[in-house]
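Hi everyone, thanks for making time for this one.

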Amino acid sequence: MGAANSRTYDAQPELASKMAQQQSLIVAFMSPQCGLCASLRPALDQVASSRAPELQVAVLNAQLDKQWAPEMLAYNVETVPCFVLLNAAGNAVCKTPPPRSRQQMEAALSEMVQHATQLAR
């Protein structure tokens with residue numbers, strides 16, 4: 001994927017490098033087997049395209065639970081999809097509730113984008 005789209009990260013050093021850029025970052029915990037996750041990917045790509053570079057999007061494959069266990073535990077990720085907004089310092093400032101529908105998750109993502117915009121000011 002191009003730089004303007006959300007990107008799936010396969011290793012912790014890649015994610016650490018992204019976090020070191022000190023920009024707001026939405027970390028999306030998703031699964032390739034999840035239909036709701038797949039339906040939300042275009043919305044994530046839209047956020048990544050329209051808000052770059054002040055807001056970045058990183059997608060983590062939650063099926064790789066052993067690899068991403070530290071992050072999933074740190075952000076208390078119990079279900080997918082789950083979006084966590086990190087501020088420029090890398091601290092979690094908000095997280096989506098357990099998903100009920102695509103519309104609910106898109107609304108939560110929109111609120112995160114607004115919150116990230118306020119953080120950037």
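Let's start with helix 4, residues 102–120. Helices here are DSSP runs of H or I with at least four residues, strands are runs of E with at least two, and both are numbered from the N terminus. The expected span of a helix is 1.5 Å times one less than its number of residues. For the 19 residues of helix 4 that gives 27 Å, and the end C-alpha atoms are 27 Å apart, so the two agree.

Before I go further: this is a predicted model, where local features need pLDDT of at least 70 and side-chain atom pairs count only at pLDDT 80 or more, while totals for chains, interfaces and linings use all residues. Residues are numbered from 1 along each chain as its sequence is written, and side-chain values use heavy atoms, with hydrogens and water left out.

How confident is the predictor? pLDDT is its confidence in each residue, from 0 to 100. The protein chain averages 88, and 96% of the residues score at least 70.

Which of its residues are buried, meaning under 20% relative accessible area, with exposed being over 50% and partly exposed in between (1.4 Å probe, protein chains only)? They are M105, A108, L109, M112, V113 and A116. These residues sit on the same side of helix 4, because they cover an arc of only 150° around the axis, taken from the directions from the axis to the C-beta atoms. On the other side, E111, Q114 and Q118 are exposed. And the buried residues pack against strand 2, helix 2 (35–51), strand 3, strand 4 and strand 5, where contact means heavy atoms within 4.5 Å.

Five strands form an open sheet in the order 1-3-2-4-5, with mixed pairing. Two strands count as paired if DSSP finds at least two bridges between them. Strand 1 (7–9) and strand 5 (92–95) are the edges, each pairing on one side only. From one strand to the next, the twist averages 30°. Helix 1 (residues 12–19) packs on this sheet, touching strand 1, strand 2 (24–30), strand 3 and strand 4 (82–86), and its direction makes about 125° with that of strand 1. Those angles run from 0 to 180 degrees between N-to-C directions; the axes are lines fitted to C-alpha atoms, for helices over the stretch in contact.

Now look at strand 2. Seven of its seven residues are buried, so strand 2 is largely enclosed by the rest of the structure. S24, I26, A28 and M30 point one way, and L25, V27 and F29 the other way. Strand 2 runs parallel to strand 3, with seven bridges between them. Strand 3 (residues 55–61) is also parallel to strand 1, through three bridges.

Last, a few loops. The peptide bond from A52 to P53 is cis, and P53 lies between helix 2 and strand 3. V80 and P81 are also joined by a cis bond, with omega about -5°. Q22 has a positive phi of about 55° although it is not a glycine, and at 60% relative accessibility Q22 counts as exposed.

Methods. pLDDT = per-residue confidence, 0-100.
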